[in-house]
Amino acid sequence: MRMTQLKTIADIQTGPFGSQLHKEDYVETGTPIVTVEHLGNRVFTEQNLPRVSDSDKARLIKYTLSTGDIVFSRVGSVDRCSYVDKSHDGWMFSGRCLRVRPTELVDSLYLYYYFCLEETKQFVRNIAVGATMPSINTKLLGEVEIALPDLNNQKRIAAVLSSLDDKIENNQKLNDNLAA
């Protein structure tokens with residue numbers, strides 16, 4: 001296992017700044033934009049999603065999400081992140097978020113679970129700047145050290161953790177149905 005900084009195994013992008021996207025650009029139907037409020041445990045929550053038109057999506061194409069990306073809160077709860085699965089491919093992310101797009105050197109799901117480790121979350125909280133509202137940027141997040149086993153072991157670890165998460169989600173849905 002080797003240690004490496006996130007910036008060597010992923011592209012890190014800040015979301016569009018306020019001057020690029022305004023609330024009045026939001027439309028009723030269009031491409032959803034993930035904000036900090038939509039970061040869930042593994043995938044996004046989908047309530048009250050702002051949306052943009054196809055023309056705004058084309059204008060802001062570099063803020064489009066792809067399967068395997070990881071979206072982080074840039075302000076406030078800076079240790080929160082969600083994984084972009086196939087059903088959220090093509091969505092966009094807001095200026096209050098950072099997108100991490102892993103290279104082929106790392107399994108993206110492994111990287112997501114690495115950021116779910118309490119010690120990694122604590123590290124991210126500790127590097128945040130700002131007394132009243134903690135925030136991180138691409139430089140700070142890029143300096144996070146990642147323990148990187150070989151790719152096959154990354155995939156094995158991610159598969160085990162993902163199957164456990166699937167089981168937990170299924171049990172939660174079953175419990176919710178029984179309570180209803």
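Which residue is the bridge partner of P32 in β4? That would be R51.

This is a predicted model, where local features need pLDDT of at least 70, side-chain atom pairs count only at pLDDT 80 or more, and totals for chains, interfaces and linings use all residues. Residues are numbered from 1 along each chain as its sequence is written, and side-chain values use heavy atoms, with hydrogens and water left out.

Let's stay with the strands (DSSP runs of E, at least two residues, numbered from the N terminus). Strand β3, residues 26-34, pairs with β4 in the antiparallel sense over three bridges; pairing takes at least two DSSP bridges between two strands. Three strands make up an open, mixed sheet, ordered β4-β3-β7. Because β4 (51-52) and β7 (92-93) each have a single partner strand, they stand at the edges, with one side of each left without a neighbour in the sheet.

Now for the pockets. A pocket is an open set of points on a 1 Å grid over the protein atoms alone, where a 1.4 Å probe fits, with protein on both sides within 12 Å along at least five of seven lines; lining residues have an atom within 4 Å of a point. A volume is the space filled by probe spheres set on the points, which are joined across faces, edges and corners.

| Pocket | Volume | Some lining residues |
|---|---|---|
| Largest | about 230 Å³ | including G40, R42, Y112 and D165 |

The lining of the largest pocket divides into five nonpolar, three polar and three charged residues. For the second largest pocket, the lining has four nonpolar, five polar and two charged residues. Here Ala, Val, Leu, Ile, Met, Phe, Trp, Tyr, Cys and Pro count as nonpolar, Asp, Glu, Lys and Arg as charged, and the others, Gly among them, as polar.

Methods:
Helix = DSSP H or I, 4+ residues; strand = E, 2+ residues; numbered from the N terminus.
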